[in-house]
Amino acid sequence: MMQNSNITPEMEDQMIELAYQNLLNGYLSSNHRKKVEIIDKAFKFARDAHQGIRRRSGEPYIMHPIAVATIVSQEIGLGSTSISAALLHDVVEDTDYTVEDIEGLFGTKIARIVDGLTKISGGIFGDKASLQAENFRKLLLTMSEDVRVVLIKMADRLHNMRTLSSMPANKQYKIAGETLYIYAPLAHRLGLYAIKTELEDLSFKYNHPAEYQRIKDQIAASEESRNELFARFSAPIRERLDNMGLKYEFFTRVKSCYSIWNKMQTKHIPFEEVYDLYAARIVFECDDESAEKRICWNIYNEITEVYAKHPDRVRDWLTTPKVNKYRALHVTVMGPDGNWVEVQIRSRKMDDIAERGFAAHWKYKSGEGEEEKELDLWLSTIVDILKDPEPNAIDFLDTIKLNLFASEIVVFTPTGEAMTLPNGASVLDMAFMIHTDIGTHCIAGKVNHKLVPLSYKLSGGDQVEILTSNSNTPKADWENFLVTAKGKTRLRAALRHQRRLIIDEGEKRFKAFLEQHNVEFSNEVLSQAITRQRISNKEELFFLIGNGDIALNEDLLNKKDNGTRITWWRRGLFRGKETPKETTVDAQTAIDTKAIYRLITHDGKSNYHIADCCHPIPGDDVVGFVNASGKVVVHKMDCPTLARLKASYGSRLLQTQWEEHSDRFQATIHIEGIDQKGILQSIVNIISTNMSINMKRMNVTANQGVFNCDLDVLVTDASVVTNLCREIKKVKGVNNANRMS
Ligand code: MN
């Protein structure tokens, strides 16, 4: 882009100098040691290195590193090392200088940070890369080495977002999306609340410009009435706070455009119905840290004497601060217009920390020479937070990302090559990690020269050899012993591919069979076969034929239904080369001979139906009932419907026994509790992380602080559900968790 012709080089130099002085002044007024020389050296070096280069906006490039360093210093609160690294952050990436040059001039510490910044400048941050878990992981690993890398990256991203308008539209869209997905949540976790909000709003502005503008306009239009309302709301409280002799500010904070929009989206409501458009905040002055908490509660008492409080909306972040160090007391009360208003009560210090994160910690630091120690402490806290998979601490990470925090083990191939795997990884995980083909053909492993099954869990330092067989094919239940996302994805793809091949084979065989019998292939023939086999579609039919589960014989073409004979499931038993250990009896035989009817499920097909009234699953005490069409319907022993059936059709009851199976059954669990932050996340974590149970559906309502959740899970038997309910009951806020019929 062209330089504005009205600006002379002298004016530009002056502009650069001014921006740099502003950076220095901010630094000098902070509590940091005054290490100006190193900053000065970094500035001059970066300025000369970027000499003659311009940003897309047309301004000299050095303006960007200065702006990033200013954010690092004034908005994040870091010291000279970080400021210098921020000034130098694009030097290695964009000029001929190397990390070694930086190290020679500025020492190892700064060089390492610059190196880290250069390394992560590609990946999710670059032009080509997409959002890959792998790259996110790289970012977090770099972070645990020196979190300053990520903090500076955050400042870099914030400045790029602030100046995003000079980018072409397609890049704006991508950068904004990435910011919302990665940086804003990360900023939140780091306690950089103001930066998080700004990143969200800027992302929103570029992703949905029209909505952004509309909400901005609506906020402006409603300002007057809001102010009026607040004046009425606050007057009686002010009177009481004045009587307490407090020095305080009482004001309102409108939600950010992004969070208003978010609320409108998730609750499906128009702007006018976002009742908690703003929160009221009381910030009081208090020099005595030991009195802070008490004053908060005193204010709370005064407020709740004026207005009725919402019974479930008191948030005490004083006793237990949030992981990102947020402290405050929140109470929601009924305002004079009949709407709920949230009031946040904070001391000045709490407010500063909430808004500015680390920068505020510096401000309140007492004593000299402690900063390195305190910084280290803070950094290690962040690293701990990120390593600790405690549910509330990482609410923004989905299961894949959760993987990233799991600790890792290093194992070795027979040739001594090291491989990093997540803790809990199996032989099969490693096989899939090496190659899809090795995974799909894996039959076992040799760990430290001992033969182990493919489900064997590896430990750090193991030497692992993968044994494969070309005739081996992947199995669906392998997923149970895969912990890596990569392994799971590759297995699923292999299974889909395999199924497709079998379906094609089955179709070929079916058509050849018809030809042999001089029957023309038609939809009628097809749907007849499908109906006779009691399956849902032709893919299924071809699959079962291809698999050998359905034999190609006259039966398939016979037009007459053979009534109550239950034969289709038995074929499942004789599939492939496997032969059943013992023969089973069919329903009628079982009734006639009073034999036990075995409840068998295989490949998703069962020789019984689950009763709709009581939904038993394997492990429950059940009784079979042979219905009018000869199907065995399984009821729970204590099912009221069964009691009725017993009375009228006693002779059709069957004694049953669950057989071992690998299939999963659906059970519904109802959870009740008091809504609180993180409750859902804790529950989900128990289900999918701790117990590795598949969740099919989740329906959550939170009304007036009461949390209700209906959950459909897929489990192997009833004991799993019992355990799950017991674990869920341990979650803070949960009153009850029970299996539903
Ligand atoms: Mn940059």
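Predicted model: local features only at pLDDT ≥ 70, side-chain atom pairs only at ≥ 80, totals over all residues.
View 1. A nonpolar core here is a set of buried Ala, Val, Leu, Ile, Met, Phe, Trp, Tyr and Cys residues joined through side-chain atoms within 4.5 Å; buried means under 20% relative accessible area (1.4 Å probe, protein chains only).

**View 2. The surroundings of Leu87.** Setting aside neighbours within four places in sequence, Leu87 is in contact (heavy atoms within 4.5 Å) with Leu23, Ile39, Ala42, Phe43, Ala46, Pro65, Ile66 and Ala69.

**View 3. An open four-stranded sheet.** The strand order is E14-E16-E15-E17, with mixed pairing; two strands pair if DSSP finds at least two bridges between them. Strands E14 (609-610) and E17 (653-654) stand at the edges with a single partner each, so one side of each lacks a neighbour in the sheet.

**View 4. Strand E16 and its partners.** E15 (residues 622-626) and E16 (residues 632-636) pair in the antiparallel sense over five bridges, with Gly624 opposite Val634. Ile610 also has Val634 as its bridge partner, and E14 and E16 pair in the parallel sense over two bridges. Five of the five residues of E16 are buried, so this strand is largely enclosed by the rest of the structure.

**Notes.** Residues are numbered from 1 along each chain as its sequence is written, and side-chain values use heavy atoms, leaving out hydrogens and water. Local features need pLDDT of at least 70 and side-chain atom pairs count only at pLDDT 80 or more, while totals for chains, interfaces and linings use all residues.

How values were computed. Buried < 20%, exposed > 50% of the residue type's maximum accessible area, 1.4 Å probe, protein only.
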